Amino acid sequence: MKLIKYSVILLLPALLIGACQKAILQLPNPNAPTPGGSLGTEGGIDAFAEGIYEKFIDYESGDGNLNFFQLQWLMESNMGDENFSPYSNWGGRYPMNIASITLPAPYNTVVPNPSGFATQLDILQSENTRTSGDANSIQYEWDVFYYINAQANTLLGALNSSALVLSGDAATKKKLLQAWAYYWKGYCYSKLGSMYIAALIDDSPDSTNKGLTSNTYVVNTTVLADANANFNQALALFSSITEDADYDATFEAIVPTFNENTKIITPAMWVRQIHTFEARNYLANHKVASMGASDWNTILNEADSGMVAGDLTLEWGMTTGDVNDLSSGGFHPYEMVNTNTALSFVSERLIQDFQPGDARFTKNFGLYPGGSVVNVRSRGIQFGTRYIPTYIENGGSFATNEQLGYCPIAPTYEENALMIAEADIYLGNISQGDALIDQVRSYQNAGLPPAASHGLILDSAVAQLHSERRIGLYDRGVAWYDARRWGVTAPASAGGGRANANVLVPGSLIGGGSTPATILPCFINYDFVDYWDVPANELAFNPASGGSAPVANP
C-alpha cells in the first residue's frame, strides 16, 4: 500500500508517526517519537486506538487537510441520488454525471449531460490520473480506508507486545482494543470491496517499514470475504467480553467526546451490529434481479441475529465552531447542506419518495431560503431542488449551522429491520415484511397508516420497501448500494433508469421567456458503473502484478 501513515487523533497530545512511499526516504527522524515507547503505555495505546478517527483527515496538495471520509460519504450519497453536489471541488460532481434526462410529453426532449462526457465512467476515467490532483473523485474512498486499515494493523501489532501494561481488568481492555481494530479493518474492507473493482489485502502490522506491502490486486468479492473474516475476529472477541467499569472506561477513551462516547456500545450490541454489517455486505453487492431464495436466506441468517431497537451505533458529531473536531469547518454531512457551506443539496428524487402524510417530511425538510436551486452553473438539470433539510436547532434532523447532531456511520436497527423485511417480501412472506416496515416507521414517528394491513401484492410491497429504505435510511451510507442493486443506475438499454422521476426543469427548456422552473416527471438514465477503477494515485506507485485481478473497467 502507498502513503500509509499512522497517527494518534489530533485532539489529544499526540504521537504522530509518518512514512513515505519509497524505502530510500524511510530514514529515522531522531526528533520524532516512535510507537515502541508510546504504545507500551495504556494512555498511549488508547490514544492510538482513538487515532482511527484522525485518519478521516488527510493532506491534499493544493487544498491542505481535508476530511476524506466526508468526501467519500458525499459522493456515495450523490450516486444514490439522495443528495447532490453540483461543484467540481474534489471532483464532487463527477460521480453524478448522469447520461441523460428525457422530458415528458409534450416536450419529449432528451437532455444529455452537459459535461461533454457521455457516461459517468468516461468522466471518472478521464480524471483518474495523478495530474488531475484533487479532481480525481475516486481517490478519496481508497485512501481513507487504507489509512484507517493501516492504523488498525499497527494497533494489533502493539497489542501483542509483551511490553504493554494495562491496569485493572487488563484482559477485558485488551480484548476490546483488539476487537476495535478488527472491527475497523472489517469496516474498511467492506467499503473498499463494495466500491472498487479490485483492491489490496494489507494485514501487516509493520507495513510502514515494508513500503509497498502488496502489488497483487484481488477481485472485490475477495476483499469482501476478508472484511467478513475481520468482522468475525471482532465478533469472537466481543462475545468473550463481559462489560464492566474498565470496559466502559476504555470505550470512552477510544471514542472522541464529540461522537457521544458516553453512549456505550456494549459487547452484545457490537455482536449484533457485526451481523447486520455482514448482511449489508451481502445485500449491497448482489443485484436483486438475480437473487433467489438462497440469497435471501443468507441475508436472514445474518440479520435475524442483527441489531434490535435501542441498539447504539457509531456516530459522527461536531464541536462548537468545529474547533478540534473532524469537520474542519463544514466537512460533515449535516454542515455540507447548510446555506453557509452549501456544497450539497437534497435531491428532488428523495423528496418524491416520501409517502403522503409522512411526519418525517414536515419535521425535516422545508423550502430552500431565497428560492429554488436550479441547474447550478448549467452543469445538469439533475442539480436542482426546492428543498433544504431543516436545521437541527430548528427541530430537524439532518442539517445544522450550529454544529449540532450526530450522523450514524455504521449500521442501525432500522437498516437491519428493513433487510429482514426485504428478504421476507421476496420470499413470499409479504405481510411479515410489511409489518417490519411499519415498525421502522413507528420507531421514527412517521405517523403513517400501517402497510401490513393493506394486503399488498409483491409490487406494492416492494414499492413501500424502496420508499422506506430511501426515507428511513437517508444519509446513512446505503443509498448508492440500493440504487445499484435495484438496477436503477444501470444503463437504460439494460433496463435501468428511473421513470417519472421529479426533476426541477429550467424554464428555458419548457417555454423560455419568463417560464419558471417546474417540476416534471422525467426519465433519468443514470448509466453508472457498478464498481470504480483502482485510483491511478495507487497504481503509479504500486503497479499491479501479473497475477492481479483487472484494475479498471473496460
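Buried here means under 20% relative accessible area, exposed over 50%, and partly exposed in between, with a 1.4 Å probe and protein chains only. The model is predicted: local features need pLDDT of at least 70, side-chain atom pairs count only at pLDDT 80 or more, and totals for chains, interfaces and linings use all residues. Residues are numbered from 1 along each chain as its sequence is written, and side-chain values use heavy atoms, with hydrogens and water left out.

Select Tyr334 and Phe398. Both are buried. Rings of Phe, Tyr and Trp (its six-membered ring) pair if their centres lie within 6.5 Å; planes under 30 degrees apart count as stacked, over 60 as edge-to-face and the rest as tilted. The whole structure holds 41 aromatic pairs. Tyr334 and Phe398 make an edge-to-face one, 6.4 Å centre to centre with 75° between the planes.

Next, select Phe361 and Phe365, a stacked pair at 6.4 Å centre to centre, with 15° between the planes. Phe361 is partly exposed because its relative accessible area is 22%; Phe365, at 6%, counts as buried.

Then go to Arg280, which lies over the face of Phe277, 4.9 Å from the ring centre. The criterion is NZ of Lys or CZ of Arg within 6 Å of the ring centre and within 35 degrees of the ring normal. Arg484 lies likewise over the face of Tyr531, at 4.4 Å from the ring centre.

Finish at Tyr183. Setting aside neighbours within four places in sequence, Tyr183 is in contact (heavy atoms within 4.5 Å) with residues including Phe277, Trp270, Phe231 and Leu314.
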